[in-house]
Amino acid sequence: MSFNGIVVSPGIAFGKALTMTSQMQPLDFKLLNAEQINQQQQQLTHAIELLISHLQHCQHHLCQECENFQLIDADILLLEDEELQQQLHQHIKQFKVCAAVAIDRIFNQQAAQLSELDDPYLANRSSDILCLAKRLISALHGHLQWDLSTLIEDTILLADDLTPAEFAILPLKHIKGIVLESGGLTSHTAILARAAGIPALLNYQFSQHHQAIKDGEPLILDAMSGELHTSPTAALLNQLQQKQQQEILRRQALTAYKDKPSVTQDGHSITLLANVGNLSEVSHVSDVGAQGIGLFRTEFLLMNAKALPDEHQQYKLYSEALHSLQGQVLSVRTFDIGADKEIPYLQQSQEDNPALGIRGIRYSLAHPDTFISQVKAVLRAANHGPVRLMFPMVSQIEELEDAMTLIDQAKAQLIEQEKGFGELSYGIVVETPAAVFNLPSMLPLLDFVSIGTNDLTQYTLAADRTNPHLAKQYPALSPAVIELISMTIAHCKQAKVKVSLCGELGSDPQVLPLLVGLDLDEISINPTSLLEVKAVLINGRYQDFVTHAQRVKGLTRIDEIRTAINTVNCN
């Protein structure tokens with residue numbers, strides 16, 4: 001028997017089932033008396049201290065620069081937040097409810113706010129918040145962790161969710177696959193599973209199935225086709241073992257492309273860069289042969305901080321990134337924040353429609369001190385290597401001119417402070433149809449342009465890209481979006497300005513022939529997908545890519561485009 005889930009980390013795994021679900025007791029909503037209120041507040045304080053201590057213990061075995069450490073740190077920072085603790089205590093007192101109810105309500109409110117964010121990475125932080133709430137409630141009842149220290153068999157772990165702390169203490173030697181009931185493609189669990197090379201399925205409701213999976217039952221996780229097989233036959237076992245061996249050989253073969261030039265069979269060169277969100281990711285891009293960083297999402301630095309990083313802190317981070325890159329380019333996107341980003345210490349105002357509100361360059365221009373501080377840090381870091389600075393959500397020339405005026409002020413301040421700085425290349429992220437149509441007026445001020453297909457798709461099709469119900473009907477590979485990408489490239493080529501693409505579209509190997517055929521100079525890719533994209537590039541011919549792109553541009557239906565992309569043969 002087999003069931004389907006969403007593949008977030010590909011591969012095939014064999015092992016025995018081990019089901020680990022949160023030890024959650026039903027919430028008790030009865031009203032408390034004064035004595036009980038004080039008792040619940042004390043229990044809450046103790047539970048928070050207990051969970052923080054446990055999380056810190058989990059960190060002791062980890063390097064500070066690794067993804068696991070930083071994600072656990074985010075949970076600790078949230079638990080230590082005085083405003084959050086005050087909210088919880090006040091909720092217990094005001095509504096006369098137990099600590100578990102207060103945790104459930106307050107954390108759900110925070111998760112709901114995060115889930116509405118425009119950025120899918122930040123929106124998926126909501127799952128981490130809900131998961132942390134479960135663990136805090138478990139701490140109230142004296143349950144903190146699963147003891148897997150005695151695990152000696154190959155295991156497929158089935159759980160409702162995993163916190164970064166829980167993932168960090170898993171005996172990965174014996175955990176061959178993971179199946180979770182919650183999570184999304186950009187959730188932290190998905191990121192960690194991919195980094196560890198563990199096959200994983202998410203959003204698989206195993207606990208709701210009429211035939212429960214028993215602990216110790218043999219399972220095969222096929223995270224290539226998204227299937228979990230229970231009680232597999234000998235024939236199926238043999239078939240998937242062969243499939244696993246083929247996948248291992250395929251991945252090993254991809255490493256051969258790491259140090260090869262990014263050049264097609266007929267000599268056309270294109271630069272392949274990496275998208276990153278923190279310093280740890282920067283230090284690993286050389287592992288996949290990236291030629292630099294095409295997108296550093298600097299707003300990720302703000303999400304788990306207690307205060308806005310000052311100029312010196314940012315300067316140090318950007319300098320360390322440049323040191324790791326050893327002469328390769330670092331493309332820094334200025335803070336892409338706005339009223340839809342939940343960053344409490346920025347005291348952002350509420351907006352009815354935050355996706356169309358004060359975000360990206362609009363926020364920066366409305367808060368010039370924050371912008372100038374970041375620009376000064378980037379300018380100083382430019383003494384240590386090549387840096388490109390790009391501005392998100394620029395739609396018109398006036399915004400770009402205002403940004404350049406603030407950059408001049410930043411340089412003047414550095415000169416007055418006798419701080420040395422280097423030269424930058426300047427660019428914008430094209431994310432709206434208006435930016436495409438206004439691009440000719442802005443290009444004289446720019447050194448490069450990067451196309452952000454995630455938001456460009458959203459604003460072109462008027463469809464929330466985080467809404468799963470709209471994903472199939474309004475994909476990035478639609479005629480309108482392809483035409484806008486093509487127009488952007490044409491404008492840049494005419495002005496002799498370098499043009500790149502940094503959206504998720506660039507990480508799909510099947511889309512590579514189209515993007516190269518449209519004549520992009522660069523593509524910035526998620527590091528986990530870079531070698532696969534590079535393999536398609538190296539094994540293909542540029543002239544075939546151009547022919548394919550012209551054919552796709554002539555299509556007017558989404559299903560026709562999807563078929564053309566899935567069946568392309570440019571090798």
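**Exercise 1. Is R297 buried or exposed, by its relative accessible area?**

Start with the ground rules. This is a predicted model, where local features need pLDDT of at least 70, side-chain atom pairs count only at pLDDT 80 or more, and totals for chains, interfaces and linings use all residues. Residues are numbered from 1 along each chain as its sequence is written, and side-chain values use heavy atoms, with hydrogens and water left out.

Step 1. Take the cut-offs: buried means under 20% relative accessible area, exposed over 50%, partly exposed in between (1.4 Å probe, protein chains only).

Step 2. R297 has a relative accessible area of 14%, so R297 is buried.

Step 3. Now take its partner. E504 stands at 36% relative accessibility, so E504 is partly exposed.

**Exercise 2. Find how R297 and E504 pair, and where they sit.**

Step 1. The two residues form a salt bridge (a side-chain nitrogen of Lys or Arg within 4 Å of a carboxyl oxygen of Asp or Glu). Their closest N and O atoms are 3.9 Å apart.

Step 2. R297 lies in strand β10 (residues 292–297), and E504 in the loop between β15 (498–501) and α19 (512–517). Helices (H or I, at least four residues) and strands (E, at least two) are DSSP runs, numbered from the N terminus.

Step 3. The pair is 207 residues apart and links distant parts of the chain.

**Exercise 3. Which parts does the salt bridge between D222 and K243 tie together?**

Step 1. The D222 and K243 side chains meet at 2.9 Å, N to O.

Step 2. D222 is in strand β7 (residues 218–222) and K243 in helix α9 (residues 234–254), so the bridge ties together parts 21 residues apart in sequence.

Step 3. D222 counts as buried because its relative accessibility is 2%. K243, at 29%, counts as partly exposed.

**Exercise 4. How many strands close into a barrel, and in what order?**

Step 1. Strands pair if DSSP finds at least two bridges between them. Here 8 strands close up, in the order β9-β10-β11-β12-β13-β14-β15-β16, with parallel pairing.

Step 2. Look at one pair. Strand β11 (residues 329–333) is joined to β12 by 4 bridges. V332 stands opposite L389 in β12.

Step 3. E522 in strand β16 (residues 522–525) and R388 in strand β12 (residues 387–391) are 134 residues apart. Their closest N and O atoms lie 3.0 Å apart. Both E522 and R388 are buried.
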